Amino acid sequence: MGLAFVPFYIKYLGIEAYGLIGFFALLQSWLSLPDMGMTPTLTREMARYTAGAHTPQSIGDLLRSLEVACLAVAVLIALSIWAGSHWLASDWLKAGTLPLKTVSQAIVMMGVVAAFRFVEGLYRGAIIGLQKQVWFNGVHAVLSTVRATGAVAILAWISPTIEAYFVWQGAVSAGYVAILATATHYGLPRSESPPRLSLSALRGVWRFAGGMTLTTLLALLLTQIDKILLSKLVSLQTFGYYTLAGSIAAVLYQLVAPVTQAFYPRLTELAAKGDTGGLAQTYHRGSQLVTVLTGPIALLLIFFGYDLLALWTGNTILARDVAPLLALLAAGTMLNGLMHIPYMLQLAHGWTGLAVRVNVIAVAVLMPAIYWAATRYGPVGAAWVWVLLNAGYVSVGVHFMYRRLLPGEKWLWYRNDVALPIVAATLLASFFYVAQPPGMGKLAELLWLLVAGICMLGGAFLVTADLRRAVAHAINDRMKAIR
């Protein structure tokens, strides 16, 4: 929903103010670092609770302890951003037409919204760990719709300002936190005594949480350094172009996230039970599902990025400037998405060391490359580094995982889970790109792209045997239940 209304945000706010929304997304990404591994740790421990590894008292104490820590960090986040708002507005960001006061006030509001979303993440992790994804996805869909449509309504009818945008975001986030907190506590059974702050509960998970914190720091350096440098090196308008391309490419994460949210607790449960056969089967299904969902969409953005942008925004000049960035960022994000299920497998076994070591090497090599590319070639250079980074993960980094986990499944992952669906979608994308008639009207072009996307998705799905069988079985089971 946030992506669908981007043209309206640009219309009412302008591309420069939209750059502030991009800066907020960057800020929020870095604020996953003060999480200190609390959210993924709670997700894992809730999943282990469903497998019988926790008592109601121990999981309740862990939740209460992490709640206290999370609320304290959230307050610190809001105060820190408020304290640094003037410096960020005057010395870091390069605003053109926006007044300094407006930018500074917007950053203060970003701090409040970021604090709410920080707490929101903890409860989201708990609910996902309890494997209540269907309920969560329903609530998330509704509130995402309210968040996006309400923002447009505020900008259109009340105040077309960036401050009004962030006030609305804060109000929705506060309500979201209340809903998720209530659902989390009602989802756990009552313990013998009220949950309490427990240092022993925190000590029991500190090693995994510490590994997650270091992994998060390294991942942020690798995935966000381009945006950090560009926000400093280029104008807010140019950063807005990069933000727009990144926002569209990030739709792939919206497809990956529900899959990882559903599969991570299940992988953790199977790993805890020692069910290697079930673990491998679930792993391949999850990997194939990620590829089938992300590959065709990424290739559609790569082959038809300009057409999609022109249809979506109605601005051919904007489409021309953003399309090259979109193609590169979509390719890099697709490759990054392929690594999510392998990473979930590592976390399911409580193994954070590999990701730390691989990312340390990547930071040492690629950070200078990112700086050089961003300063010399601007946004396009930074986007190319993003592609090369993730190509390295897929071609090199994943080999080290298979030496320890599911060693006999590596080439099955490469061939069945990755190569076959991507090759099928690429062949179909090439056909539709070459065969596209010139001079098509908007409606005809939209229908052409829609048909292309459906065919690419269908082609990728048909060549994934494990996923195809799983879907067929699910449909048969549903039909039997209806009868």
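Q: Which helix gives the most to the lining of the second largest pocket?
A: Helix H12 does, with 8 residues. The model is a predicted one. H12 spans 276-313. H11 (251-273) and H18 (442-462) also supply at least two residues each to this lining.

Q: What makes a residue part of the lining of a pocket?
A: A lining residue has an atom within 4 Å of a pocket point. For the second largest pocket, 20 residues form the lining. Leu-3, Ile-297, Leu-300, Leu-301 and Leu-308 lie nearest the centre of this pocket. The volume of the second largest pocket is about 530 Å³.

Q: Which residues of H11 and H12 meet?
A: On the H11 side they include Val-251, Leu-255, Val-259, Phe-263 and Arg-266. On the H12 side they include Leu-279, Tyr-283, Arg-285, Leu-289 and Ile-297. The residues of this contact divide into 16 nonpolar, 4 polar and 2 charged. Arg counts as charged; Arg-266 and Arg-285 are among the residues that meet. Ile-297 also lies among the residues nearest the centre of the second largest pocket.

Q: What makes Ala-164 count as buried or exposed?
A: Compare its value with the cut-off. Ala-164 has 14% relative accessibility. Buried means under 20%, so Ala-164 counts as buried. Ala-164 sits in helix H7, residues 162-186.

Q: Which residues is Ala-164 in contact with, leaving aside neighbours within four places in sequence?
A: Ile-154 and Ser-159. Contact means heavy atoms within 4.5 Å. As for Met-109, this residue is 55 residues from Ala-164 in sequence, and the two C-alpha atoms are 9.5 Å apart.

Q: What does the secondary structure of the protein chain come to?
A: The chain has 19 helices and 0 strands. Of its 483 residues, 52% count as buried. Among contacts between residues at least 6 apart in sequence, 83% join residues at least 24 apart.

Methods:
Residues are numbered from 1 along each chain as its sequence is written. This is a predicted model: local features need pLDDT of at least 70, side-chain atom pairs count only at pLDDT 80 or more; totals for chains, interfaces and linings use all residues. Side-chain values use heavy atoms; hydrogens and water are left out. On a 1 Å grid over the protein atoms alone, a cavity is a set of points where a 1.4 Å probe fits but cannot get out, and a pocket is an open set with protein on both sides within 12 Å along at least five of seven lines; lining residues have an atom within 4 Å of a point. Grid points are joined across faces, edges and corners, and a volume is the space filled by probe spheres set on the points. Helices (H or I, at least four residues) and strands (E, at least two) are DSSP runs, numbered from the N terminus. Buried means under 20% relative accessible area, exposed over 50%, partly exposed in between (1.4 Å probe, protein chains only).
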